[in-house]
Amino acid sequence: MYAEAAPDQVIASRFGRLGPLLSRLFASGVEARGVERVPENQRESKNAWNNLLMWWSVNTVLTTIPVGVLAQSAFTLSFGNAVATILCFGALGGIATAFIATLGPTTGLRTMIITRFSSGYFGGTIYSVLNILTQLGFSTTAVILGGQTLANINPGSLPLVVGIVIIGVCCLVPCFIGHNMVHVYERYAWMVTSVIMLFLWGLGGKAGYDISAQKPLEDTGRALSADILSFGGIVFGSFSGWAPVAADYNCRLPADTPTMRVFLLTFFGLFIPICFVEILGAALMTITDPAYVTAFTNGSTGGLIAQVLSPWHHFGQFILVLLALSVIANNIPNTYSTGLSIQALGRPFAIVPRFFWVFIAFVVYTVAGVAGREHFSAILSNFLSILSYWTAFFIVIVAEEHFIFRRKNGPLGGYNLDDYDMPSRLPLGVAGILSMCFGIAGAVVGMSEVWYTGPLGKMAGAAYGADLGFELAAAFSAVTYPPLRALEIKLTGR
């Protein structure tokens, strides 16, 4: 079992001659605690408002804009339908993610460790693998877009590869230091980025929004429904993508922190900024000035934003630098939580210090960003769609375990939190893993991607089908988990 009381001393003692060096690192402020549970008497964080401010900073950033851009560029939706889709599917994703966040103070555990109480030790490892891939995918798109924007500030002066590396290194530093530095950065970053987003709204208005511009291009009938469902899956993914890390950042809050306070602060910290910025992306695509259309055609989202800021000349270039650096706030949770998810793979990984895995994550996504730098839009649209599939069944399984089986008078009567690293006392995980498989089956039959469309996806749409992947993934898991888990409890007692 992981040591809870003094992880810095335990980790230092494991590494022999490297022990004194590690002790100095931890003494200087580098976080020692990884996936070990935070005992109630060590919950030094008291500020529940961090739930609002952190997610506001994380999402009021450059990387949120391209999601809104996809409404027109990939799905030919009119501005009105894009806004409605963002608000409705965003609310659904926000509710799901905010629920997962409430489990942090309740358990004192990181998100991937919490999954062990529904899917067992092995099932938790599967979720950790999925989350590692998810966060690395998010990080790759973040460093590409940040690098693109830096390269567009003064075309030809800064190679895209160098821009990607700069963004990656800036993300590494606070994540290497750990939890407290992450919260310090995220507590204030929103102030600058929120003002920048208002600048973009105003400059876009000066260029001329034409909210009816896409209407002639929009599909009708079943094809329009398919476009809305497919774009809605991407919007849901942009919210629910934070669910697998949502408890990582408030597990140090006191256990008696009101659940509704955590829920509401997290929900609004996600819903307001993501909707505000994604709708901005959709609005910028309604500008019909040929210079703006050409800028998007030649330079994708980064080129379009550079054109929007061009009337401000050098000050606009300065804003563009700040926008590129805003990606850091977005990518910090990806980087930090990747390190935790690697530790959650099992004890051999957990005994290695958290900061080492954070560094490995930085290397992987920076290299991936350099390799995929010319294919940003394709990576983003495909990645976010697939992401929404697994996060949907993950949220459903954790929620049903919490509300059905772990409720106060339920079959298990709550969580025995000391069991989090004891496979023999955790659930066997058969019910969770089978429900996971049913969720994957639901995603496969309902998905609609460029490279594959499931049979139900084809039936739901027109020429290219409709993406029902996340809805069916959630539904299949929701229906199968309760009876399977009830049977597992009856047979094993855990």
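Start with the largest nonpolar core, which has 131 residues. A nonpolar core here is a set of buried Ala, Val, Leu, Ile, Met, Phe, Trp, Tyr and Cys residues joined through side-chain atoms within 4.5 Å. Buried means under 20% relative accessible area, with a 1.4 Å probe and protein chains only. Select I65, L200, L323 and F394, the residues with the most contacts inside this core. Its largest share, 13 residues, comes from helix α11.

The model is predicted: local features need pLDDT of at least 70, side-chain atom pairs count only at pLDDT 80 or more, and totals for chains, interfaces and linings use all residues. Residues are numbered from 1 along each chain as its sequence is written, and side-chain values use heavy atoms, with hydrogens and water left out.

Stay on L323. Leaving aside neighbours within four places in sequence, L323 is in contact (heavy atoms within 4.5 Å) with L62, I196, M197, L200, I305 and L309. Another core, of seven residues, lies apart from the largest one; L22, F26, A32 and F355 are among them.

Next, select helix α3, residues 50-59. Helices are DSSP runs (H or I, at least four residues), numbered from the N terminus. Nine of the 10 residues of α3 are buried, including L52, L53, M54 and W55. The buried residues pack against α9 (179-207), α11 (259-284) and α13 (313-343).

Now show α10 (residues 221-240) together with α11. Their axes are 11 Å apart and the packing angle is about 135°. Axes are lines fitted to C-alpha atoms, for helices over the stretch in contact, and angles run from 0 to 180 degrees between N-to-C directions. The angle makes α10 oblique to α11; angles under 35 degrees count as roughly parallel, over 145 as roughly antiparallel, 65 to 115 as roughly perpendicular and the rest as oblique. To see the contact, select V235, S238 and F239 of α10, then L270, F271, I274, C275 and E278 of α11. By class, this contact has six nonpolar, one polar and one charged residues. Ala, Val, Leu, Ile, Met, Phe, Trp, Tyr, Cys and Pro count as nonpolar, Asp, Glu, Lys and Arg as charged, and the others, Gly among them, as polar.

Finish with α7 (residues 116-153) and α13. They pack at about 165°, with axes 9 Å apart, and are therefore roughly antiparallel to each other. Their contact has 12 nonpolar, 14 polar and no charged residues.

Conventions
Buried < 20%, exposed > 50% of the residue type's maximum accessible area, 1.4 Å probe, protein only. Helix = DSSP H or I, 4+ residues; strand = E, 2+ residues; numbered from the N terminus.
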